[in-house]
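Okay, thanks everyone, let's get going.

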Amino acid sequence: MSEKVLMKGNEAIGEAALRADCKCFFGYPITPQTEISAYMAKKMPTMGRVFLQAESEIAAIHMIYGAAGTGVRCMTSSSSPGISLKAEGISYIAGAELPCVIINIVRGGPGLGGIQPAQSDYFQATKGGAHGDFHMPVFAPSSIQEMVDLIQEAFDVADQYRTPVMIMGDGMLGQMMEPVEFKESVSTRQLPEKTWAANGRNGRVNHNVINSLFLKSEALEEHNIHLQKKFDAITENETKYELMNTDNADLILVAYGTTARICKNVIKLAKAQGINLGLIRPITLWPYPAAAFDATIGNTKFGYLAVEMSMGQMVEDVRLSVEGRKPVHFYGRSGGMIPAPEDILNKVMEIVGGNK
Amino acid sequence: MENNREILFKPTSGLLDVPTHYCPGCTHGVIHRLIGEVMEELDIVDKTIGVAPVGCSVLAYDYFACDMFEAAHGRAPAVATGIKRANPDKIVFTYQGDGDLAAIGTAEAVHVAARGEKIVTIFVNNCIYGMTGGQMAPTTLPGQKTETSPYGRDVATQGYPIRFSEMVAQLDGSYYIERVSVDKVAGVAKTKKAIKKAFQNAIDGKGYNLVEVLSICPTNWGLNTEESLGWLRENMIPYYPLGVKKDLSKEEAK
Amino acid sequence: MPKVVFREERCKSCGQCVIACPVKIIGFTDHLNEKGYRPAGIPAELMEKCIGCTSCGRMCPDLVITVYK
């Protein structure tokens, strides 16, 4: 019987990871997610687990590579510029097929950018995240409760498919406080044994090697085909999204994370104006829920309005999913400016016109 | 046919019995073998995990008999830290060249010592970047000609070499730091002794341990084996003095 | 007397053993191995000079050498 506690997003992330049996955490301070490290620094030594502040985000991701390669559950967290630093490491982790969880609490960019919330890492996260042919599952919670639940899921998905998994929040989710309940894990997944782990031969007939180098073209192609099969399986089994009020909409909003919460308010405001707004809320950004668009394409008069805290990144996946069948619009704010419900509603009115 | 004869020397079981891709005369093969022999003699093959670098020895993960990781360029010490912290009862070593350790990986190589990680680093110093075709390394000697210092390393524009062992011996977290050379039989014996000491320290939960091994690169130096060994002796040893730079076990013994 | 056995197919003709041998009995044989290298070896008539110091084995980078007592 678990109770609700009021927690800051960043700390809830740490607590959720510990309850998901995260054994190692390697991180580096960067605003707005530094509290995750501080929480882990405090808690993990009392639990006999490993916390280490690395010398850089680069070192942290490679420590993850090491721990994950020995079959141990581990996590790192950072924010936008730090995630960029991790890119090579993430590619290695994907290439070597290692499970781990990566938290990105997104801030404004490009470059040093700002420290306010943003959603401008969408391309980076969903189009692989680094060099080479790969994808990593990206979960986008829109409340602290959902973030906590998805973290448990993330560790399981990582282990089941041998893949890095990203949880993408934003500065708002990281900093705000909400009541949250830590539920007992009720996973029905059959997680495979990590017989591939290089944790010491211990009498094993062959040595295990954690590696992503395949110098022979035939071997590297085979490896990429094998990886692609995995991505196909993840797409088939793990895509998540929420539909709200999409049965007969004038216009369907498409938004994730904090922006989706704001959009839910816009739906109420619009209804008061006699406009029927729906919402598609992707919960996995990769795999992107194309099915949500197939399901709603016939039920929206004016098409879709993507709302993001960016100059337009997810909207490209909306266009890809809609395949020209209906119009796709975009409204975005940048630099840490949070879109106000009224501003989104104005855009809606523009699209829907006076013709209701 | 030799069943009754005592064996004075044979290939170690610490290495997989496979041909390597290393150039003829390259001392990577010797250093690999010494690590293999040490693992075999200390009976730790089954509990050792090694981390290979990017460089000529990138394929080292196919040569050592223990479990192995291939790491990104320069990041082996971070990978080793992750492995060791998650598995404190295992013996963990990194094997790195000059670019991996003293260029791109300098931060990781310094911090692993500062943290006093209970691991071993074998640093193969041959004053050049071998795998990519002979470019200047942070350890290239002043005046030495390489692909990216074709007129000889000019300290005015290309700076000075890094004496890594001395540098890292200054850190409180360093436990045992020694520079050795494999240019002759006696040197190889000393190198093995140093490697064995480093691994024994790791077994005893002591760290950070670094053995810097001066090595040859006949192919990119443009010399044959014998000339290369001579070049090492005449040029590298004066710049990179051999010997123990730090040994906390001596302090502890008092 | 000690006996040194060379696995010729693994030898890269680098000469480390030739340089290392204190009694200078190692040379290069007169044939090529599969890789095109001329393997090192000790002529039969010189084997009796071997002192079993194992210097050759210790300098070999390629696991070519086994030394018997």
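So, chain A is divided into domain 1 (5–238) and domain 2 (242–352), with the bounds coming from an automatic or database domain assignment. Before I go on: this is a predicted model, where local features need pLDDT of at least 70, side-chain atom pairs count only at pLDDT 80 or more, and totals for chains, interfaces and linings use all residues. Residues are numbered from 1 along each chain as its sequence is written, chains are lettered from A and ligands numbered from 1 in the order in which they are written.

Back to the domains of chain A. Taken over C-alpha atoms, the centres of domain 1 and domain 2 of chain A are 28 Å apart. Their contact takes 27 residues from domain 1 of chain A and 23 residues from domain 2 of chain A; by contact I mean that the C-beta atoms of two residues, placed from the backbone, lie within 7 Å. On the domain 1 side, the biggest contributor is α5(A), with four residues. Helices here are DSSP runs of H or I, at least four residues, and strands are runs of E, at least two, numbered from the N terminus. By class, that domain 1 side has 15 nonpolar, ten polar and two charged residues. For the classes, Ala, Val, Leu, Ile, Met, Phe, Trp, Tyr, Cys and Pro count as nonpolar, Asp, Glu, Lys and Arg as charged, and the others, Gly among them, as polar.

Next, the helix pair. How do α3 (residues 57–69) and α4 (residues 80–95) of chain A pack? The angle is about 25 degrees and the axes are 8 Å apart, using lines fitted to C-alpha atoms over the stretch in contact, with angles from 0 to 180 degrees between N-to-C directions. So α3(A) and α4(A) are roughly parallel to each other, the label for angles under 35 degrees. Residues making the contact include Ile61(A) and Tyr65(A) from α3(A), and Leu85(A) and Ile90(A) from α4(A). In classes, that contact divides into nine nonpolar, three polar and two charged residues.

Within that, Phe9(B) has Val67(C) as its bridge partner.

Key: Pairing = 2+ DSSP bridges. Parallel < 35°, antiparallel > 145°, perpendicular 65-115°, else oblique.
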